[in-house]
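Work through the exercises below with the sequence and the model at hand. Each task is followed by a solution in steps.

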Amino acid sequence: MRKSNVIKIILVIILIALMVATLGFYMVDLMIHNTPPTKNLFRTLAIIFACLASIIRLWPNRGRRNLASYESAYQKHIKDAFADRPFYKKKLLCAIRLYDEGNCDKAIKYLLELKSVSQTRDDIYVVGLFTGLVLTKAECYNEAIYVYRSLIEMNITSSTVYGNLGNIYLTLGNHRDAISYIRLSIQNDENNPAPYNNLANLYFETADFENAKIYAEKALQLNHKMYQASTLLAIIYTLEGDKTNAEKYSHMAIASGRPAAELDQVIAHYVSEKQQNHDEE
């Protein structure tokens, strides 16, 4: 058992003992010393509630991921941020957890506090990155763009920052800037399959199926289990009437984790959309 957990258990035992002792003294005063019931009631309840609140804070919330898991998952971006300042490091991880839980208001509050105490490039980068992510999740797109562009102007950037910017512009329907930033994301990290997949989806949205296929294939070359890319290829080949390749990439998507029923539904949607557009013409 970890030392921290042993300490927590000891503290819980002490707090429970304190509650029992407080209640015991109250009963002794009540039954032996004939003290009026209301005389020490408020003080007794205050001590018991304070102990209960402390136990709740000490005991782990099993439905919530611990901070260490976030540090491990995002180590690529956290690097040495706030390495010598554990209080701020913990606040950063709390902000990331809040972002993951969808509590954008509280997450942005923490991140703005951290921005004011950021000192190193790693501090500035990770705070800026997650500020942009939180703002994007809250659909504050212009504010997120400003944050990411500020990082770029300071030359504190990454493939992820460029890719996130590209995705925002894609959401806003600005395909030109979306393509530009996703290409920068690829140039910044040519071994990252995500921007290739994002660029493939962007070309698909503009009905440029040939480029969409090229970049989806590149994404699969880097990660053959990226079912998003194989799903896109299955859709494109279905729309083009290429049954052989459509089946090939459908099987690949399902083998990589895409539920078959979900895949069929997605493909059916695009087939229906194509037929509707054809009928309107």
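**Exercise 1.** Does T231 count as buried or exposed?

Solution. T231 counts as buried, at 4% relative accessibility; buried means under 20% relative accessible area, exposed over 50%, and partly exposed in between (1.4 Å probe, protein chains only). The model is predicted: local features need pLDDT of at least 70, side-chain atom pairs count only at pLDDT 80 or more, and totals for chains, interfaces and linings use all residues. Residues are numbered from 1 along each chain as its sequence is written, and side-chain values use heavy atoms, with hydrogens and water left out.

**Exercise 2.** How many disulfides does the whole structure contain?

Solution. A search of the whole structure finds zero, a disulfide being a pair of cysteine sulfur atoms within 2.5 Å. C104 is in none; its nearest cysteine sulfur, that of C140, is 8.3 Å away. For C140 the closest cysteine sulfur is in C104, and the distance is too far for a bond. C104 is buried, with a relative accessible area of 13%, whereas C140 is partly exposed at 27%.

**Exercise 3.** Where does A83 lie?

Solution. A83 is in the loop between α4 (75–78) and α5 (86–101). Its relative accessible area is 49%, so A83 is partly exposed.

Conventions:
Helix = DSSP H or I, 4+ residues; strand = E, 2+ residues; numbered from the N terminus.
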